[in-house]
Amino acid sequence: MGQQTQAVDLSERRGAGGAPPAVSLRGITKRFPAVLANDAVDFEAAPGEVHALLGENGAGKSTLSNILTGLYRPDEGEIWLYGERVDFHSPRDAIDAGVAMVHQHFRLVVPFTVAENVVLGDHRREGSSFLVHQRAIERRVGELSKRYGMHVDPRARIWQLSLGEQQRVEILKALYHEAKILILDEPTAVLTPQESEVLFATLRSMAAEGRTVIFISHKLHEVKAVADRVTVLRGGKAIATTTMADATPRSLAALMVGREVDITRRREHGGEIGAAALELDELRAVGDRGGEALKGVALSVRTGEIVAVAGVAGNGQRELAETVTGMRPMTGGEVRVHGRPLRGGDAREAIGAGIAHVPEDRLGTGVAPSLSIGSNVVLKSYRRYPIARGPLLRLRAIRDHAADLIKRYDVRTSGPNAPARQLSGGNLQKVVLAREFSGNPRVLVVAAPTRGLDVAAIETVHAYLRDAAAAGVAVLLISEDLDEILALADRVAVMFDGEIVGEVDAETATVEEIGLLMAGVRERTP
Amino acid sequence: MNNSILVVVLASAVLYGTPLLFAALGELLAERSGVLNLGVEGMMLVGAVMGFWAVQRTSSLALALVVAAIAGGAMALIHAFLVVTLRANQIVSGLALTIFAGAAGLSSYLGNDLNLADQPAKRIFHSVLPKSLRDLPVIGPILFNQSLLVYGSWVVVIVVVLYLRRTRPGLNVRAVGESPAAADAMGINVTVYRYVHTVVGGALAGIGGACFSLSITPQWVDGLTSGAGWIAIALVIFAFWRPGLVLIGAYFFGAFSALPYTLQAHGVTIAPELLQSLPYVMTVLALVLVSSAGAKRRLGAPAALGLPYVREER
């Protein structure tokens with residue numbers, strides 16, 4: 001209901017006679033070596049609106065927001081705030097002009113307290129005195145968090161907080177600096193669906209106070225849920241600006257990708273589900289900072305089945321993938337592949353047992369970035385014929401093998417000798433998938449397989465994962481993207497604080513149900 | 001009683017610990033801003049030779065300290081330019097500076113060119129407190145029979161503690177060392193903070209070097225710091241980047257440095273080579289103990305230590 005009236009309201013505000021827009025970017029162009037990140041972008045946001053900036057990875061959203069926050073200087077174009085031209089030489093100029101940003105990777109000083117982080121860089125208010133008055137700033141931050149209903153202990157240190165709480169600190173920082181224009185870059189990536197709802201309510205109330213909220217996202221339903229208007233970026237250009245009332249997820253997706261896309265939910269992979277291929281029994285492991293990251297994980301994946309592990313980042317998913325694939329030693333429990341237990345802590349043993357791994361960090365862990373594509377695709381097979389003969393590598397065999405995979409997986413590259421680091425994210429992922437599949441795995445562990453990829457690449461990767469399941473591979477999919485999980489998985493296990501807190505059938509599961517589990521609310525036992 | 005071996009060792013621990021304390025506090029400031037400076041040894045030697053030159057020319061100890069600080073600071077400015085502006089590898093730059101300035105390098109050249117060798121210092125730092133205090137049992141020789149350099153170093157410890165913990169620039173520099181991206185996003189100038197703290201750190205190293213040529217030795221000998229700069233770097237790690245612990249650690253290592261001389265003077269016959277190697281052995285042990293990656297994180301090393309800061313470009 002309110003959406004319709006608000007939309008009219010806003011279009012009036014944009015009219016010639018109304019108040020000037022809070023933000024007006026005119027003809028912004030920014031070039032990086034070999035990339036035109038922003039191409040004459042025009043963008044306007046009114047006071048009191050939540051304005052979504054929608055686009056795929058690499059569409060230029062982050063560059064545009066970095067220009068608005070003074071981190072980058074545009075090569076061409078003008079920034080106008082409330083009808084006045086501004087020129088930002090540094091982030092401080094932008095902060096003083098009332099622009100604040102919540103970055104996707106938080107800009108927080110981890111050993112500092114909440115209060116110290118909030119006042120950091122302040123040169124005008126309580127935090128600006130030469131001496132730091134701990135109690136005064138803590139009181140001020142406490143008041144602020146109470147006033148906006150964002151509870152967080154001002155004396156807590158950042159490393160003690162959950163990611164959702166850390167995000168609240170970032171927003172408090174913006175409020176403390178009296179930001180009138182708040183930019184949030186993919187803010188829901190670290191939240192459960194319920195936490196996202198709370199965030200949206202906060203953003204709405206901030207807009208109701210007359211602030212401007214710019215919400216960067218590539219998730220259509222979120223944009224639909226929170227924004228008044230949306231501007232779609234594609235290939236560095238602003239393609240369209242529409243009110244939410246005029247937009248449907250389908251029309252937005254088409255604008256974002258540049259063609260019609262199928263955004264239907266689930267597709268069958270047609271794999272025949274058989275016996276248990278991967279079994280985890282009370283699996284325990286220690287995290288990077290000490291402390292148990294896995295506290296007795298029990299899970300099984302059958303042949304031809306895709307089992308997804310959902311959860312908010314940092315609840316042990318990465319450690320789970322590393323432990324199963326032998327990259328991290330286990331401290332207790334057992335991993336069995338087709339009934340045979342592994343010793344653990346030995347990646348080569350895991351490979352030998354038929355476990356393939358598509359890691360989360362594809363450039364750092366998935367490939368050796370400076371080595372050629374050819375060398376990268378034989379990283380797991382170079383010890384045996386036909387890649388090696390005795391101690392010698394057969395270079396021609398490597399080249400032929402790589403050329404074959406490049407062709408079969410449609411990797412866009414200059415050839416097998418190109419270093420892996422030159423590939424785009426999607427092509428890099430294809431190389432990793434090609435290598436892992438070519439070892440004829442029995443179990444496939446994939447973590448965040450489509451993070452940072454564009455829609456076309458996501459479709460390709462999903463198709464390969466479905467093919468793997470159809471061919472009888474047991475796929476363990478670890479992802480924070482619920483859409484991806486619901487599109488691929490047969491079963492969803494939810495991980496919270498190092499444990500599997502519940503399992504649901506993907507066919508019947510709802511986002512709410514999974515969201516509650518992600519927040520650690522356990523299934524009631526009958 | 002004041003001649004007992006323990007009192008003598010403790011008194012000389014304070015004397016020999018003072019240059020370590022200055023240099024380590026300087027290194028701590030640089031490291032807290034995220035700059036690892038392995039050029040401390042070179043900066044100490046340049047400070048020692050220039051401070052000694054100044055006192056021979058002007059007979060003023062105050063001026064000598066100023067010159068030593070400027071010399072050390074100037075060396076550190078080179079380091080800052082290389083690693084902050086040009087984003088060179090901090091380890092390579094620091095090592096290069098120590099080799100360039102150290103024994104058989106710039107400091108030797110200056111010392112020989114200015115004919116400083118084999119001269120007694122015209123003035124040196126003496127104990128300043130009245131005899132009644134100095135003669136107090138035990139604490140007299142240890143705490144009160146010391147020069148202004150020692151008392152000055154205590155002031156510097158207090159200033160650094162308060163600066164880092166209680167002031168806004170102190171908060172900012174800790175933020176720069178932990179997370180330059182966070183600091184930058186909040187409008188703190190990472191480059192300026194790193195420059196200032198590296199240069200001030202170098203100045204303190206210069207003063208630390210002057211402690212040798214104006215108080216301990218007190219003359220100019222090539223390579224007279226004999227590795228004190230390296231001990232200072234280890235000391236910062238050993239003290240978990242906390243200035244208060246640096247004070248204790250400096251006297252601990254000072255005791256080991258002084259031990260060979262005092263024991264010899266008391267007629268204890270242990271091979272002096274063995275004793276002389278002790279501070280270095282301790283340094284290596286300290287580094288081994290704390291240099292595993294996990295330990296480093298737990299012990300409070302600034303998270304961005306050694307890493308050049310670049311605003312993310314695509």
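Author: Start with a residue pair. A:K30 stands opposite A:N38, which belongs to strand 2 of chain A. Bear in mind that this is a predicted model.

Reader: What makes strand 1 and strand 2 of chain A a pair?

Author: Pairing needs at least two bridges between the strands. Strand 1 (residues 23-32) and strand 2 (residues 35-45) of chain A have seven bridges, in the antiparallel sense. Therefore they count as paired. Their hairpin has two residues between the strands, and A:A34 takes a positive phi near 75° there.

Reader: Why is A:E282 called partly exposed?

Author: The count of other C-beta atoms within 10 Å decides. A buried residue has 20 or more, and an exposed one has 12 or fewer. A:E282 has 13, so A:E282 falls in between and is partly exposed.

Reader: What else is there to say about the backbone and surroundings of A:E282?

Author: A:E282 lies in strand 11 (residues 276-286) of chain A. Its phi is near 50°, a positive value in a residue other than glycine. Most residues other than glycine have a negative phi. Leaving aside neighbours within four places in sequence, A:E282 is in contact with A:G296, A:A298, A:G332 and A:G333. The C-alpha atoms of A:E282 and A:E499 are separated by 9.4 Å, with the two residues 217 apart along the chain.

Reader: Is B:N115 buried or exposed, and how do you know?

Author: B:N115 has 11 other C-beta atoms within 10 Å. The limit for exposed is 12 or fewer. So B:N115 is exposed. B:N115 sits in the loop between helix 5 (106-113) and helix 6 (131-134) of chain B. Phi of B:N115 is positive too, near 55°.

Reader: What makes the bond between A:Y385 and A:P386 cis?

Author: Its omega is about 10°, and the peptide bond is cis. Most peptide bonds are trans. A:P386 is in the loop between helix 13 (373-377) and strand 17 (388-389) of chain A.

Reader: How do you know that the buried residues of helix 5 of chain A are on the same side?

Author: The buried residues are A:I137, A:V141 and A:S145. They cover an arc of only 70° around the axis, so they lie on the same side of helix 5 of chain A. These buried residues pack against helix 4 (114-119) and helix 6 (163-176) of chain A. On the other side of helix 5 of chain A, A:R135, A:E143, A:K146 and A:R147 are exposed.

Reader: How does the length of helix 5 of chain A compare with the expected span?

Author: Helix 5 (residues 134-147) of chain A has 14 residues and reaches 20 Å from its first C-alpha to its last. That is close to the 20 Å expected at 1.5 Å a residue. A:G149, with a positive phi near 60°, follows this helix.

Reader: Why is helix 9 of chain B called mostly covered?

Author: Nine of the 11 residues of helix 9 (residues 168-178) of chain B are buried, so the helix is mostly covered. Among them are B:L171, B:V173 and B:R174. The cover includes helix 4 of chain A, together with helix 1 (5-32), helix 8 (148-166), helix 10 (180-185) and helix 11 (190-216) of chain B.

Reader: Which residues have the most contacts inside the largest nonpolar core?

Author: They are A:F215, A:A308, A:V431, A:V443, A:V475, A:L477 and A:V494, in a core of 165 residues. Helix 16 (residues 455-470) of chain A supplies the largest share of this core, seven residues. Apart from this core lies another, of 89 residues, including B:V55 and B:L247.

Technical notes. Residues numbered from 1 in each chain as written. Chains lettered and ligands numbered in written order. Predicted model: local features only at pLDDT ≥ 70, side-chain atom pairs only at ≥ 80, totals over all residues. Helix = DSSP H or I, 4+ residues; strand = E, 2+ residues; numbered from the N terminus. Expected span 1.5 Å × (residues − 1). Arc of directions from axis to C-beta. Contact = placed C-beta atoms within 7 Å. Core = buried A, V, L, I, M, F, W, Y, C linked by C-beta atoms within 7 Å.
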